Amino acid sequence: MLITAKKIQELSFGALMKVYVEDCLERGRWLSPEETGDRQIAVGEQEFYQYLNEVFFRTPDAVYAVWEEKGCYVSALRLEPFRDGLLLEALATAPDQRRKGYARKLIQAVLDQTGPIRIYSHVDKRNSASLKTHAACGFSVILDYAVGIDGSVNPRCLTMCSQK
């Protein structure tokens with residue numbers, strides 16, 4: 001089932017962190033290399049909460065989308081205004097829920113809900129699972145690099161766009 005949120009209070013942050021546990025650990029390792037696993041995850045979660053609260057949800061028309069299965073968050077993504085459409089970012093699936101099609105269900109539900117608007121996504125060139133998922137949802141590659149909202153260029157990613 002698709003859940004959308006325009007405020008942090010509309011999400012279960014703890015449930016969301018189960019989807020992003022690996023991202024939080026990676027971020028925590030970068031921010032606090034002297035700490036150990038659980039503490040690094042906590043640092044990553046704190047930084048993520050701060051970003052959502054102070055930046056993401058203050059962006060007009062920004063939306064968080066979550067796929068819930070049997071009462072659990074299993075996959076999530078963010079959408080925010082970008083160029084002539086929206087940018088799909090931070091697509092993730094909980095590690096124990098991968099390879100079950102939840103990211104595809106989430107993207108498809110988001111595409112169905114947003115209607116005829118361009119949806120862009122920056123996908124790491126090495127992430128074959130995400131590339132296949134995006135292609136299965138009707139995305140195609142339009143650039144062999146990514147240009148972020150802030151104008152930064154990432155040559156390790158492709159820019160994909162939905163074909164609506």
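Student: Is Asp 124 buried, exposed or partly exposed, and what is its relative accessible area?

Tutor: Buried means under 20% relative accessible area, exposed over 50%, and partly exposed in between, with a 1.4 Å probe and protein chains only. Asp 124 has 23%, so Asp 124 is partly exposed. The model is predicted: local features need pLDDT of at least 70 and side-chain atom pairs count only at pLDDT 80 or more, while totals for chains, interfaces and linings use all residues. Residues are numbered from 1 along each chain as its sequence is written, and side-chain values use heavy atoms, with hydrogens and water left out.

Student: Which residue forms a salt bridge with Asp 124?

Tutor: A salt bridge is a side-chain nitrogen of Lys or Arg within 4 Å of a carboxyl oxygen of Asp or Glu. Here Arg 126 pairs with Asp 124, and their closest N and O atoms are 2.7 Å apart. Arg 126 is exposed, at 66% relative accessible area.

Student: How many salt bridges does a search of the whole structure find?

Tutor: The search finds five. One of them joins Arg 98 and Glu 22, at 2.7 Å from N to O. Arg 98 lies in the loop between β4 (85-93) and α4, and Glu 22 in helix α2 (residues 21-31), so this pair ties together parts 76 residues apart in sequence. Helices (H or I, at least four residues) and strands (E, at least two) are DSSP runs, numbered from the N terminus. Arg 98 is partly exposed at 39% relative accessibility, and Glu 22 is partly exposed at 42%.

Student: What is the N to O distance between Arg 78 and Glu 89?

Tutor: The closest N and O atoms of that salt bridge are 3.7 Å apart. Arg 78 is in strand β3 (residues 72-82) and Glu 89 in strand β4, 11 residues apart. Arg 78 counts as buried, with 11% relative accessibility, and Glu 89 is buried too, with 18%.

Student: Where is Leu 111 found?

Tutor: Leu 111 belongs to helix α4 (residues 102-114). With a relative accessible area of 4%, Leu 111 is buried. Its C-alpha atom is 8.3 Å from that of Ser 162, which is 51 residues away along the chain.

Student: And for the whole protein, what share of the residues count as buried?

Tutor: Of the 164 residues, 44% count as buried. The protein contains five helices and nine strands, in the order β-α-α-α-β-β-β-α-β-α-β-β-β-β along the sequence.
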